[in-house]
Amino acid sequence: MYFQNIPFIFDFIIIISGTFMYSPNIPFPKDLNPDEHISILFEMPARDRPLIEPICRRQADFIAPISEEARDLYIKGRQLEFLRAPVEDADIIALFEEAAKKGNWDAYKRLIRMYLVGQRVEKNNQRALELVLALVDAKHPYGYFVLGQFLHEGEYLIKQDIKKAYAYFDLAYQHGSPQAQAAIGGLYAEAEVAYINEDLNKLNQYLNQSFKYYQCAGEQGHQASLYQLALTTGGSVKNIPKALRYYQKAAMLGHGKSMYAMYSRLKNNNNEGYIPDPDLLKCINDKMELLDENPLLTFPNLETECPLPLHPILGDGSQYPDKRRELGFMQRVKSFGYPTNDPND
């Protein structure tokens, strides 16, 4: 698969064996910068991927702003999705379709997923593809990203074309797609794993490179990238206070798994050195309960309302580099080994 073995691409998940209804002729993208051929990384074995520095463009600089009317329609549709009462699926789809007509890109994303998996609507690969191509026509980076996957798979009413698939991925990356940035972070994380038991220097080179791309995406509010940064920083790198800041950034955007992870670590469930603070834990727990009631909530004031404490030994963790100190796979820290104060550590 196009993003096979990449640890996370949560913005859409496609599992389809659709019937071919038509096969449009997808043109080769014209706006492609041939000097930024980042997709070559997909074609290389994990151990041989070169260290290409990221260009952290922002998707927002390439797309039209969303009108207040289109935003309200989309939010109303999302609220109905989470309403704990009977609701007509057709009403939800109608709101998203109307929001999409008025230029709400998030509504396009939601509809594409719903039509592909048959969520609240009959599965319709053709309608999903129409929406993807509409995004491409509008030069939206997400449209480029999804069309690249469709072309790579050759299963969603489009004939497989690997060359075009990589070209559209490059176009998505060149236009600041956070999904594309996260995918490259995943490729470097995969390369890191290739050296997990044999070369600490190579391992850290690829780890740092994956961090750079995840950070690009995370700065655009890509919650899964922030969550991945937190997991790696708290696990392999063993910098728990820095990991908590990544969890906090994602939680501010309404990422429930990050909110819970922050609560768990501050409760010292993993024996990582924090002294549990009942008031702080209650503050975070209250947010989790609110999020459970309304998954659309965000918490822009979380930093001040539930401020993170300093770690008893590591402080805020900012003085320690993002590097592993030992070989071997480590998903979660069992016994916490603190870095030294040596600046070269």
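User: Where is Y247, and what makes that place a helix?

Analyst: Y247 sits in helix α11. Helices are DSSP runs of H or I with at least four residues, strands are E runs of at least two, and both are numbered from the N terminus. α11 covers 240–252. This is a predicted model: local features need pLDDT of at least 70, side-chain atom pairs count only at pLDDT 80 or more, and totals for chains, interfaces and linings use all residues. Residues are numbered from 1 along each chain as its sequence is written, and side-chain values use heavy atoms, with hydrogens and water left out.

User: Is Y247 buried or exposed, and how do you know?

Analyst: Buried means under 20% relative accessible area, exposed means over 50%, and partly exposed is in between (1.4 Å probe, protein chains only). Y247 has 1% relative accessibility, so Y247 counts as buried.

User: What is Y247 in contact with, beyond its neighbours within four places in sequence?

Analyst: Contact means heavy atoms within 4.5 Å. On that test the partners of Y247 are Y227, A230, L231, S258, A261, M262 and R265. Y260 is 13 residues from Y247 in sequence, and the two C-alpha atoms are 8.9 Å apart.

User: Why is the pair of Y188 and Y206 called stacked?

Analyst: Rings of Phe, Tyr and Trp (its six-membered ring) pair if their centres lie within 6.5 Å; planes under 30 degrees apart are stacked, over 60 edge-to-face, and the rest tilted. The centres of Y188 and Y206 are 6.1 Å apart, and the planes make 25°. The whole structure has twelve aromatic pairs.

User: What does the pair of Y188 and Y206 tie together?

Analyst: Y188 belongs to helix α8 (residues 178–194) and Y206 to helix α9 (residues 200–218), so the pair ties together parts that are 18 residues apart in sequence. Both tyrosines are buried. Ring pairs also link Y173, Y188, Y195, Y206 and Y213 into a cluster.

User: What makes the charged end of R47 sit over the ring of Y195?

Analyst: A charge sits over a ring if NZ of Lys or CZ of Arg is within 6 Å of the ring centre and within 35 degrees of the ring normal. For R47 and Y195 the distance is 4.3 Å. K109 sits over the ring of Y142 in this sense too, at 5.0 Å from the centre.

User: How do you know that the span of helix α4 is close to the expected one?

Analyst: The expected span is 1.5 Å times one less than the number of residues. α4 (residues 105–117) has 13 residues, for which 18 Å is expected. From first C-alpha to last, α4 reaches 19 Å.

User: Why is α4 called mostly covered?

Analyst: Ten of its 13 residues are buried. Among them are W105, Y108, K109 and Y115. The cover includes α2 (68–82), α3 (89–101), α5 (125–137), α6 (141–153) and α8.

User: What makes N104 a cap of α4?

Analyst: A side-chain oxygen of N104 lies 3.0 Å from the backbone nitrogen of D106, at the N-terminal end of α4. A polar contact is a pair of N or O atoms within 3.5 Å; within protein, one must be able to donate a hydrogen and the other to accept it, and residues adjacent in sequence count only if both atoms are side-chain atoms. The side chain of N104 also has a polar atom 2.9 Å from the backbone nitrogen of A107. N104 lies in the loop between α3 and α4. Its relative accessible area is 1%, so N104 is buried.
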